[in-house]
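Dear colleague,

I am handing over the structure below, and after it you will find a short account of what was found. Please read the account with the model open beside you.

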Amino acid sequence: MRKQALGAILVIISGLTVFNANAKISGKVIYGADNRRDYFEVPDVQWRNKADATVALIRAASLDSVGGLTTIKTVSYGRSLGLCASEPYFDQETAAFCSGFLVAPDTLVTAGHCVRSQSSCDSTKFVFGFKLTAAATQPRTVATDMVFGCAKLVHSVANAGGEDFAVIKLDRPVTHVAPLAVRAQSLPREGDPLVVIGHPAGLPLKVADGATVRKVNAQHLVANLDTYGGNSGSAVFNGSTGEVEGILVRGEMDFIYKDGCRISNQCADNACRGEDVTLFERVRAHL
């Protein structure tokens, strides 16, 4: 994972179009091929609709609203992190500190360590549409009606090695996109295909497939997902059903040093610790 793919190949899984992790690849690797794609690179409308229900968590101080337009204060991804120029998305810009997703018209879910208190929630804005809709662009503005505030932190828990999630009531209902469908009360199984949608390292929205469930524990599953800091709070979907399985909360170290700059940490598909996903079943009682 986390490697630029060339000549992406499409496959169909239960009617959903996703990218094939076996496409020809080049560059650095984490969990195999880098399966991250920008929004405009995702061909299937069903997955774009799911991406549309994803939010970037951005500090209120990093936004400036004038009339109907909100400007996002971004920083250089590659230069701010001291990355090697060969890193994918080196020239893009970052703004988000975490990700989240819509589960009801006025309710979001994210990772608990992203929003631990009501004061933290009050200082955070939940921004839809921080994404690339075409190549060689940078989303530095969004419509102000795509920016939401926190009305109430309903619940937040962040146990090291355990469950980690927050439920947030927004300051008004979301009307431009439908909430995501979540798994019923049964649990995922080892080997199930997974897709994650969020903001790795605070970048504009990325969709990454090609992952599978490695292990299912009482509170979380472990998978070989292509995720970085900033993906915390991302929805993790079953690649066959399109339902949310859980929330991305922690994982392997993202970067290592090489020749004076940083590159993505490298793992085989079945190696390293894997990425932890709090099961949505843990959230249900708080909705």
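**What was found**

A136 sits in the loop that runs between β11 (124–128) and β12 (141–143), where strands (E, at least two residues) and helices (H or I, at least four) are DSSP runs numbered from the N terminus. This is a predicted model, in which local features need pLDDT of at least 70 and side-chain atom pairs count only at pLDDT 80 or more, while totals for chains, interfaces and linings use all residues. Residues are numbered from 1 along each chain as its sequence is written, and side-chain values use heavy atoms, with hydrogens and water left out.

Although A136 is not a glycine, it has a positive phi of about 60°. Most residues other than glycine have a negative phi. With a relative accessibility of 85%, A136 counts as exposed, a term that means over 50% relative accessible area, whereas buried means under 20% and partly exposed lies in between (1.4 Å probe, protein chains only). D259, not a glycine either, has a positive phi of about 55°; D259 is placed in the loop between β21 and β22 (261–264) and is exposed, at a relative accessible area of 74%.

As for the chain as a whole, it contains three helices and 23 strands, and 55% of its 287 residues count as buried.

The structure also holds three aromatic pairs, meaning rings of Phe, Tyr and Trp (its six-membered ring) with centres within 6.5 Å, where planes under 30 degrees apart count as stacked, over 60 as edge-to-face and the rest as tilted. One of them is edge-to-face, because the rings of W47 and F237 have centres 5.5 Å apart and planes at 90°. This pair links distant parts of the chain, with W47 in helix α1 (residues 45–52) and F237 in strand β19 (residues 235–238), 190 residues apart, and both W47 and F237 are buried. Another pair, Y228 and F255, has ring centres 5.4 Å apart and planes at 50°, so it is tilted. Y228 lies in the loop between β18 (220–223) and β19 and F255 in strand β21 (residues 255–258), so this pair ties together parts that are 27 residues apart in sequence; Y228 and F255 are both buried.
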